[in-house]
Amino acid sequence: MFLQLLISGLSFGSLYALIALAMVIIYKTSEVPNFAQGEMAMISTFIAYTLLEVSGQSFAISFIGALIFAAVLGVFLEFTFLRRAKDPNILSLILITLGFEMILYGLAGWRWGADQRYLPFPVSDFDIINLGTAVFSYLNIATLLTALILMFILFLFFRYTKVGIAMKATQQNPMAARINGIRTHRILSITWALSSLIGAVAGILLAPIATLDPNLMLDPLLKGFASAVLGGMTSLVGAALGGYILGIIENLFGGYVSVEFKSVVAFMIIVLVLCFKPSGLFARHYVRRV
Amino acid sequence: MDMKRDYYEDIQLLESKVVWFWFLMLIASLIILPFLIPNYYIYIANYMAINVIVSLGLNILVGYTGQISLGHAGFFAIGAFLTVLSMAKLHLPFLPALLLAALTAALFGFILGLPALRLEGPYLAIATLGFSLAITHVIGRWQIFGGRMGLEAPSLTLQGLFFSDGPYTLESDRQLYFLIIPIAFFLTMAARNLMKTKVGRAFIAIRDSEIAAKTMGVNLLYYKTLAFAISAFYTGIAGGLYAFLIGFINPSAFSFILSIYFLAFVIVGGLGSIFGSIMGGVVMTWLILKLDKIQELPYLGATLMTFSERWMSVTGLPNVSSIIFGLIIILIVVFEPLGLYGFWIRTKIYWKTWPF
């Protein structure tokens, strides 16, 4: 029982970790929690679905097509809306992402209606490996592996590529980055593209477990936020770990206490963390600007 | 003239005799209005009044105190469900039930205000979002709240407002009008008055600079939680009235999207303005009701229908309203951060100094 809960907790946790990573990447550069993250991932998943089911492409092509779409969507949001804000304070930036969220939600509802769809995934949730008392489904393993590979790529990206380092520089001090010849605007666009892409991967991995409809990412979005807050909104490693921790805690709560109120756990964690350690478990400091 | 000569002129509710005159005219026209317009429009007026109350409450928090909240659908739900429940289960008369529900909402607001002491913008947005999702989750799963099926509002009687039961059932929209509008009117005046007192100024000081406010002796713990509580109280009242306007409530109506709609009222109306809240509530309610039946709009409706059939889906057509709302929010934030109130002020100044 315990092992089983742990496994599915890790599997869900890796999805939360991806969403949290996508959020933290944006938060570090633009200082805005991206409330449109979930809907961006949802629309990208629908694009994958359309390519796969309607156009009859192979899974690999649909997957890549959805990722390209997600990246373009991220750049579009940054370039068309966020950059236009006259006097960008936190409230107006949050509102812009909320507005974008509603536009995407409406578009998806308009195009695909409220029908519940099923995204055919090459790896099945029903083929299983027995491991003592616990059961791994192939989908669990695929989810875990994809998330880990993606995180490893991100690590390499931020460590060794020029763009990744420029991104970190922009996050730390935009002014100094500009002086050193980094086009911070362009970097910002790339950041949004990257974040949207990670979100899309999470969406596509989630779709086979959940049903594909415009509400797909509403709940995972909150979980992603909870993970990011738990690990620290300014730490990539923290956000990833936060995702896994949240997944495990939530599943254990569902298994031993109450399945009905499982979703409330995420909220309790947000409130408790924010009350007692607002910087999160793994972030180093919490800067307050006057 | 705009010049003020002593302190009492500054804190007066209505500044001059002219304003008094228009104030009385407004009351008179609100009283005769329901006898002149058809029933459906009275329903719209009631709906507008409820949204004006929400808009006022949210503006006290967002516009005046500068604390963002994405959780007001939660307070709205608390108001609606508790009013109905305490009437059905505790057999309370309507007004005490409404008050009890609103006070409970205020209590939750107070609790939510506590983490707000340490949190700023983005963190607070996330915490309040989590709050409202948790509330609707709990309400949706708990049998006493009717579960997913929701609750039906009991019938309302005139004496039932104060005593347990009596004759004269309040059922037509016109009768409800005389219940809802006075409450909305009273709450509007209360908000206007509040902003002229010490409390209101403390709120504004917190919005402009928390640290400066603290240095000048504003008790952040007290005023921030108070702002949350007052805001939640207003929203709770609106929720209770809403339950009786619609007659039936279920948890799915109080989603995250509703919180964004509420924010849209405030943004469109104008942050930090009572008049703006009223405009926002009225205009956006009208827009919501129009967009609900978008396919019936002249010209546009038919075009949209053919477009939907060709490219989108016909069943999903009502979702166009979300798109339009999202666009409105973004456009207002980008081009007119003060909302309709800012537009109103500019128009007023333009005509005051017209040839120049």
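Helices in this description are DSSP runs of type H or I with at least four residues, numbered from the N terminus, just as strands are E runs of at least two. The structure is a predicted model, in which local features need pLDDT of at least 70 and side-chain atom pairs count only at pLDDT 80 or more, while totals for chains, interfaces and linings use all residues. Residues are numbered from 1 along each chain as its sequence is written, and chains are lettered from A and ligands numbered from 1 in the order in which they are written.

Helix H5 of chain A, which spans residues 138-160, holds A:Ile153. A residue is called buried if 20 or more other C-beta atoms, placed from the backbone, lie within 10 Å of its own, exposed if there are 12 or fewer, and partly exposed in between. Because A:Ile153 has 10 other C-beta atoms within 10 Å, this residue is exposed.

Helix H1 of chain A, made up of residues 2-30, has 29 residues and reaches 40 Å from its first C-alpha to its last, which is close to the 42 Å expected at 1.5 Å a residue; the expected span is 1.5 Å times one less than the number of residues. Most of H1(A) is covered, since 22 of its 29 residues are buried. H1(A) is followed by A:Glu31, which lies in the loop between H1 and helix H2 (37-54) of chain A. Although A:Glu31 is not a glycine, its phi is positive, at about 60 degrees. A:Glu31 counts as partly exposed because it has 16 C-beta neighbours inside 10 Å.

Two packed helices are described by the angle between their axes and the distance between the axes. Here the axes are lines fitted to C-alpha atoms, for helices over the stretch in contact, and the angles run from 0 to 180 degrees between N-to-C directions. H1(A) packs against helix H9 of chain A (residues 218-231) at an angle of about 70 degrees, with the axes 8 Å apart. H1(A) is therefore roughly perpendicular to H9(A), given that angles of 65 to 115 degrees count as roughly perpendicular, those under 35 as roughly parallel, those over 145 as roughly antiparallel and the rest as oblique. Residues are in contact if their C-beta atoms, placed from the backbone, lie within 7 Å; the contact between these two helices includes A:Tyr16 and A:Met23 of H1(A) together with A:Leu221 and A:Phe225 of H9(A). The residues of this contact divide into eleven nonpolar, three polar and one charged, where Ala, Val, Leu, Ile, Met, Phe, Trp, Tyr, Cys and Pro count as nonpolar, Asp, Glu, Lys and Arg as charged, and the others, Gly among them, as polar.

In chain B, helix H7 (residues 173-194) and helix H10 (residues 220-246) have axes that come within 11 Å and cross at roughly 170 degrees, and H7(B) and H10(B) are therefore roughly antiparallel to each other. On the side of H7(B), the residues that meet H10(B) are B:Leu176, B:Ile180, B:Ile183 and B:Leu187, and their partners include B:Tyr234 and B:Phe244. By class, this contact has nine nonpolar, no polar and no charged residues. H7(B) has 22 residues and spans 30 Å between its first and last C-alpha, close to the 32 Å expected, and its buried residues include B:Asp173, B:Leu176 and B:Ile180.

Also in chain B, helix H3 (residues 39-64) is the place of B:Leu58, which counts as buried because it has 30 C-beta neighbours inside 10 Å. Leaving aside neighbours within four places in sequence, B:Leu58 is in contact with residues including B:His72, B:Phe262 and B:Val266.

The contact between the chains takes 40 residues from chain B and 43 residues from chain A. On the side of chain B that touches chain A, helices H6 (121-141), H11 (256-269) and H14 (320-335) each supply at least two residues, and H6(B) gives the most, with 14 residues. That side of chain B divides into 29 nonpolar, nine polar and two charged residues. Leaving aside its neighbours within four places in sequence, A:Ile270 is in contact with residues of both chains, among them A:Phe225, A:Val229, B:Ile126 and B:Gly130.
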